[in-house]
Amino acid sequence: MNQPRKPMTKHSLLRAILFIFGLILFLDGLLLTLQKKIHLGTLLPLTIGLFFLIYAVFYKKITDFITQHQKLKKIWKIGWILFMAWVLSLAGFFIYLTQYNQSINPNSKIDVIIVLGSGIIQGKASPTLAARLDSAAQIALQHPQAIIVVSGGLDYAETKTEAEIMSRYLVENYHISTTRILKEDQSTSTALNLENSAQILAQHQINKNASIAIVTSDFHTLRAAAIAKKQGYQNFITINAPTPLATRYNAWLREYFAYISGAVLREY
């Protein structure tokens, strides 16, 4: 005769949740790391996922060991409290970033479109950069009088600058005239993207008070806007290009730390 199935206890449910969540995080981090996308946005899910898997599998042994050591038990509780506080702050950042991106009005008057670089792969725009250029092209087609500044220097192991690849992408895919495109090909960071672009615009008698659209990825808009404000851009909006879904939340996670470090280092 079959024995009645025991109801799932709260500990069993916790182990199951940790195992499933840990497996998702671990596989996500592992796959992206194998693709050589190595940064906090991939390494952190990999590490947290591995920890959750180990904890779920060896739950009883770990909890028994911790229970026998009072100091360790206190540290363990504090660790979980800090982790949950961090998760809540991360969720708050994601919500705030989403709301910020939804508040932008791309139909405003635009005189200049600055497209921030995001890497090239073997002489072609990376998926993230291609998304930025696609978004910039749509704005450019809606504002045919706007000048476009493509901004990005020479990547490691590449022979052509990001700016050159970006310009060619807009010309070949959207038939935008090269006379509208200015190339800023020296920068290696967001701050330099904007600083050098302003210098190029000044050479064409356009100052930072012009109506400017700064095109970047959805995860990057907050930091780009903060840097632009610090550099004296007065009348700008940020246009957010969608990050490919496969890497979107990893990029948002990385940006969480980048935004905090930028504030600590007084980049804005």
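Tutor: A salt bridge is a side-chain nitrogen of Lys or Arg within 4 Å of a carboxyl oxygen of Asp or Glu. The side chains of Lys-109 and Asp-111 meet that criterion, with N and O 2.8 Å apart. The model is a predicted one, in which local features need pLDDT of at least 70 and side-chain atom pairs count only at pLDDT 80 or more, while totals for chains, interfaces and linings use all residues. Residues are numbered from 1 along each chain as its sequence is written, and side-chain values use heavy atoms, with hydrogens and water left out.

Student: Why does Lys-109 count as exposed?

Tutor: Exposed means over 50% relative accessible area, buried means under 20%, and partly exposed lies in between (1.4 Å probe, protein chains only). Lys-109 has 58% relative accessibility and therefore counts as exposed.

Student: How many salt bridges does a search of the whole structure find?

Tutor: The search finds three. One of them joins Lys-60 to Asp-64, with the closest N and O atoms 2.9 Å apart. Both residues lie in helix H3, four residues apart, which is about one turn of the helix; helices (H or I, at least four residues) and strands (E, at least two) are DSSP runs, numbered from the N terminus. Lys-60 is exposed at 56%, whereas Asp-64 is partly exposed at 33%.

Student: What makes the pair Glu-255 and Arg-223 a salt bridge, and which parts does the pair tie together?

Tutor: The closest N and O atoms of Glu-255 and Arg-223 are 2.6 Å apart. Glu-255 lies in helix H9 and Arg-223 in helix H8, so the pair ties together parts that are 32 residues apart in sequence. Both Glu-255 and Arg-223 are buried.

Student: Why is Ile-181 called buried?

Tutor: Ile-181 has a relative accessible area of 8% and is therefore buried. Ile-181 belongs to strand S5 (residues 181-184). Contact means heavy atoms within 4.5 Å; beyond its neighbours within four places in sequence, Ile-181 is in contact with residues including Ile-148, Val-150 and Leu-170.

Student: What are the values for the axes of H3 and H4, and why is H3 called oblique to H4?

Tutor: Axes are lines fitted to C-alpha atoms, for helices over the stretch in contact, and angles run from 0 to 180 degrees between N-to-C directions. The axes of H3 (residues 59-67) and H4 (residues 70-102) come within 7 Å and cross at roughly 120 degrees. That makes H3 oblique to H4, since angles under 35 degrees count as roughly parallel, over 145 as roughly antiparallel, 65 to 115 as roughly perpendicular and the rest as oblique. Among the residues making the contact are Phe-65 of H3 and Trp-76 of H4.
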